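Okay, thanks everyone, let's get going. I'd like to walk you through some side-chain geometry today, so let me put the structure up.

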Amino acid sequence: MSQEKVAQAVVRRPLRVRERSSRSFDQRLALRVPRLTDRYSRLIAKLPPTTRIRQAAIGRAAQQAVEAWNRRDLDALLVGYHPDCEHHPPREFVEAGLWEPTYCGREGIAKLMASWAEAGTDARLEPSELIDLGPRVVLLYVLTMRTSRLGDAPLTRPYASVLTLENGKILRIDEYADHAEALEAVGLGLRD
């Protein structure tokens, strides 16, 4: 996709999550009636990023997913995932031996999430911005980790996810330990 086309379809907005959260009504409904959620996701995915309905739906879905991750609610998190999803952790974390290069399917996501607990790591994502590019969505965060390996001193660093969507579901996640690298990966440079 050319830089010009990318710039036309970009919607950037701040994203915040609650300090404490629990499953919302729509998350509970999605878990009980997944086919309804699938249809809703497909409809939203067809809308251009600039429509208010899509902006609200994508923003809410991202907020709920981050909140689910922060409370380690795997079932609620996986509501938005395609069954054949792939998760690619940051290159730096893979090279350090913390994670595998790729986690496939919902079982892979569960394995990745369990690895945080096994490492004795308490982590929280604080999103700052959501960028909707249509078939891809970028989430920029600050990741705060506490781990027994570091004496429970908090470590804070930038973190970003590039989500590739198919029919409104997350098909692929590429994660970056640097906001600029994630923006570059989707064709948005620092000047944007």
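Predicted model: local features only at pLDDT ≥ 70, side-chain atom pairs only at ≥ 80, totals over all residues.

Residues are numbered from 1 along each chain as its sequence is written, and side-chain values use heavy atoms, with hydrogens and water left out.

A pair of aromatic rings is described by the distance of the centres and the angle of the planes. The rule here is that rings of Phe, Tyr and Trp (its six-membered ring) pair if their centres lie within 6.5 Å; planes under 30 degrees apart are stacked, over 60 edge-to-face, and the rest tilted. Searching the whole structure turns up three aromatic pairs. One of them is Phe93 with Tyr159, tilted, at 6.1 Å centre to centre and 45° between the planes. Phe93 sits in helix H6 (residues 91-95) and Tyr159 in strand E6 (residues 155-166), so this pair ties together parts 66 residues apart in sequence. Those labels are DSSP runs numbered from the N terminus: helices are H or I with at least four residues, strands are E with at least two.

Tyr159 also pairs with Tyr141: the centres are 6.2 Å apart and the planes at 45°, so that's tilted. Tyr141 is in strand E5 (residues 136-147), so here the parts tied together are 18 residues apart in sequence.

What about burial of Phe93 and Tyr159? Both are buried, meaning under 20% relative accessible area, with exposed over 50% and partly exposed in between (1.4 Å probe, protein chains only). Tyr141 is buried as well.

Next, Pro49, in the loop between helix H3 (34-46) and helix H4 (52-70). Pro49 is buried, at 11% relative accessible area. Leaving out residues up to four places away in sequence, Pro49 touches residues including Ala9, Val11 and Asp132, where contact means heavy atoms within 4.5 Å.
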